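Here is a short briefing to read alongside the structure. Have the sequence and the 3D view open as you go.

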There are 2 protein chains.
Amino acid sequence: MPAAVPNFDVVAIGNAIVDVIARADDGFIAEQGMSKGSMRLIDDETADRLYAAMGAGLEMSGGSAANTLAGLAQLGARCGFIGQVADDQLGEVFAHDIRASHIAFTTEARPGEPATARCLILVTPDAQRTMNTFLGASQFLPATALDADMIADAAILYLEGYLWDPAEPRAAMRRAIGIAKDNGRKVAFTLSDAFVIDRHRDDFLALIAEGAIDILFANEAEIISLQQTDDFEAAVATTARGVPCLVVTRSERGAIAIVDGKRSEVPSEPIDQVVDTTGAGDLFAAGFLAGLSQQRDTISCLTMGAICAREIISHVGARSQVDLKALVADRLNA
Amino acid sequence: MPAAVPNFDVVAIGNAIVDVIARADDGFIAEQGMSKGSMRLIDDETADRLYAAMGAGLEMSGGSAANTLAGLAQLGARCGFIGQVADDQLGEVFAHDIRASHIAFTTEARPGEPATARCLILVTPDAQRTMNTFLGASQFLPATALDADMIADAAILYLEGYLWDPAEPRAAMRRAIGIAKDNGRKVAFTLSDAFVIDRHRDDFLALIAEGAIDILFANEAEIISLQQTDDFEAAVATTARGVPCLVVTRSERGAIAIVDGKRSEVPSEPIDQVVDTTGAGDLFAAGFLAGLSQQRDTISCLTMGAICAREIISHVGARSQVDLKALVADRLNA
């Protein structure tokens with residue numbers, strides 16, 4: 001039975017996080033024992049200690065997959081989000097922002113402790129971001145909270161690797177993959193972070209081997225970590241054999257996609273000044289998936305990804321307040 | 001008895017507010033019945049309704065006097081803040097940011113309802129900001145919460161007119177003025193907003209007549225509102241007779257100060273693009289007061305104000321994440 005035409009372009013399951021962004025110098029990153037450019041999970045106590053030590057911040061809704069959806073929605077895609085906030089002020093902020101971005105969001109807030117997830121992000125003078133995530137309520141997304149109808153009704157189910165760490169959402173995502181596949185939908189997955197891959201490499205390789213992933217997003221460090229090789233091209237080739245569509249971002253060296261064995265490549269979009277790299281990968285995925293949902297060719301999809309990534313790294317924070325649709329239209333029609 | 005050398009340059013009493021900033025078009029401002037460029041007070045219910053209607057936001061600590069202190073502290077001044085937050089997540093954000101800015105803050109969080117104050121700020125394409133303030137806990141700053149030692153130990157007590165609306169902080173500010181005067185300190189006051197002046201003109205004129213105010217900050221609309229005249233120069237002259245130091249900001253037309261009857265004037269600092277005018281007056285006051293505390297001449301104080309105002313309107317939000325001290329040094333030594 002062919003799948004019915006879906007009402008959603010992309011439904012994502014991801015961490016429901018509020019980012020707290022502050023500037024820091026390299027000395028602070030070292031003192032606090034962070035690995036620059038990566039994401040680490042921290043407990044409540046560490047979050048309090050680090051927050052007390054870091055500078056004045058600004059707060060914005062974040063979460064990798066949620067950032068991607070915010071970009072997708074700005075580009076005109078019909079989106080839904082599944083993720084767990086707590087019943088607190090930061091949970092209200094997250095829920096407001098996702099709904100204000102015209103994204104369907106039906107997961108009910110979780111009462112009591114722990115609080116809504118926070119990501120303490122330090123941005124160094126080189127514009128690199130180092131993330132410290134207190135998962136809080138986000139790690140308690142139960143499989144029973146999945147909106148199965150929404151997943152069944154989406155052309156693409158998008159999952160973030162970050163959420164593979166906690167057990168409950170991992171189980172929920174496995175169930176969601178089943179729902180998507182049963183309904184003839186595609187599954188997109190982002191590898192998120194090299195350290196996350198270190199913890200879950202076998203799971204991720206198994207998902208690929210099972211044919212569970214139709215579209216895979218990674219950056220250079222992640223694809224190399226996944227295949228445990230120093231040879232980037234070999235890692236790409238090996239991975240591409242397991243997924244119909246592989247997208248690899250390479251920062252200032254652009255991005256490549258291998259779709260059904262055919263390789264396409266774009267350079268990065270020129271930028272005057274990189275301010276904060278937070279959300280670069282998330283917004284690249286947004287642009288690429290928006291292109292796919294508009295049935296564009298692979299080069300156009302990659303270019304849309306590069307445009308959105310460039311926009312997001314030109315300012316602080318991983319949510320855009322500019323008109324991405326106009327940016328893309330200007331560039332593609334230029 | 002001469003006053004002892006104070007340990008603080010400026011101690012301020014102000015609203016302890018977290019700003020929620022979103023872009024909006026002029027149609028939205030009109031639909032919601034707002035007066036563009038002004039501040040209105042809203043209740044909990046209106047705040048919820050407006051928040052639900054407005055776009056995705058970003059959150060930053062705000063509050064007029066607190067913004068001024070954040071700028072002052074960045075410029076090297078020793079500062080203290082007195083203001084009321086609730087015992088909630090946004091209260092933690094405010095308290096963290098003020099302390100992370102190296103500002104002494106001893107007011108204890110208030111348990112229970114109402115929540116920490118929020119200001120819903122809509123920024124229109126012309127970069128103008130329209131503010132909707134839910135005062136929450138901030139309006140319950142009791143006179144008993146004043147840190148009298150801190151006030152007595154500050155060269156300048158700085159008060160924001162916005163806080164004159166609620167009764168408890170108004171009483172607290174009156175008491176604080178008494179403490180400052182008893183200790184031979186100066187009192188600085190910002191008129192804040194033309195509508196605030198409409199509600200409290202008699203009080204403000206009485207404070208001036210009593211000689212309670214040593215340094216008065218206003219913009220054009222405010223000084224005109226205060227003196228209820230259309231003649232700007234007449235309003236300035238009348239007001240200047242009542243205060244030893246009057247500072248009037250005129251947006252792109254620069255600023256003037258009349259100190260002990262002597263008038264000084266500076267143009268505005270050149271800027272490529274105004275992004276968000278939120279905090280322009282707050283940061284002008286920061287630069288001017290920093291100059292005063294460094295015993296600079298009036299033109300230098302005004303120039304420092306103009307530099308800080310230019311910086312803050314070049315990006316979203318009323319707290320700066322750049323090195324104001326370096327900006328000022330570069331400009332004054334150029």
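By what turn and shift along the axis can chain B be laid on chain A? A turn of 180° and a shift of 0.0 Å along the axis do it, with an RMSD of 0.0 Å; copies are superposed by least squares on the C-alpha atoms of residues with pLDDT of at least 70 in both. That is the relation of a two-fold axis.

This is a predicted model, in which local features need pLDDT of at least 70 and side-chain atom pairs count only at pLDDT 80 or more, while totals for chains, interfaces and linings use all residues. Residues are numbered from 1 along each chain as its sequence is written, and chains are lettered from A and ligands numbered from 1 in the order in which they are written.

**Where the two chains meet**

- In chain B, Glu59(B) has the C-alpha nearest the axis, 2.4 Å from it.
- Contact (C-beta atoms, placed from the backbone, within 7 Å) joins 21 residues of chain B to 21 residues of chain A.
- Two or more residues each come from β4 (58–61) and α4 (89–100) of chain B; helices (H or I, at least four residues) and strands (E, at least two) are DSSP runs, numbered from the N terminus.
- The largest share of the side of chain B that touches chain A is the 6 residues from α4(B).
- By class, that side of chain B has 8 nonpolar, 8 polar and 5 charged residues. Here Ala, Val, Leu, Ile, Met, Phe, Trp, Tyr, Cys and Pro count as nonpolar, Asp, Glu, Lys and Arg as charged, and the others, Gly among them, as polar.

**Helix pairs in chain B**

- The axes of α11 (residues 298–313) and α12 (residues 324–332) of chain B come within 10 Å and cross at roughly 130°. Axes are lines fitted to C-alpha atoms, for helices over the stretch in contact, and angles run from 0 to 180 degrees between N-to-C directions.
- α11(B) and α12(B) are therefore oblique to each other; angles under 35 degrees count as roughly parallel, over 145 as roughly antiparallel, 65 to 115 as roughly perpendicular and the rest as oblique.
- Residues in this contact include Met304(B) and Ile307(B) of α11(B) and Leu327(B) and Val328(B) of α12(B).
- Helices α3 (residues 64–74) and α10 (residues 280–293) of chain B have axes that come within 8 Å and cross at roughly 45°, which makes α3(B) oblique to α10(B).
- Among the residues that meet here are Asn67(B) and Gly71(B) in α3(B), and Ala286(B) and Leu289(B) in α10(B).
- The contact of α3(B) with α10(B) divides into 6 nonpolar, 5 polar and 1 charged.

**A buried cysteine**

- Cys119(B) sits in strand β7 (residues 117–123) of chain B.
- Cys119(B) counts as buried, with 27 C-beta neighbours inside 10 Å; the cut-offs are 20 or more other C-beta atoms within 10 Å for buried, 12 or fewer for exposed, and partly exposed in between, with C-beta atoms placed from the backbone.
- Leaving aside residues up to four places away in sequence, Cys119(B) touches several residues, including Ile17(B), Asp19(B) and Met131(B).

**Backbone points to check**

- The peptide bond from Glu113(B) to Pro114(B) is cis, with omega near -5°, and Pro114(B) lies in the loop between β6 (103–105) and β7 of chain B.
- Gln295(B) is not a glycine, yet has a positive phi of about 55°.
- Gln295(B) belongs to the loop between α10 and α11 of chain B and counts as exposed, with 8 C-beta neighbours inside 10 Å.

Notes
Contact = placed C-beta atoms within 7 Å.
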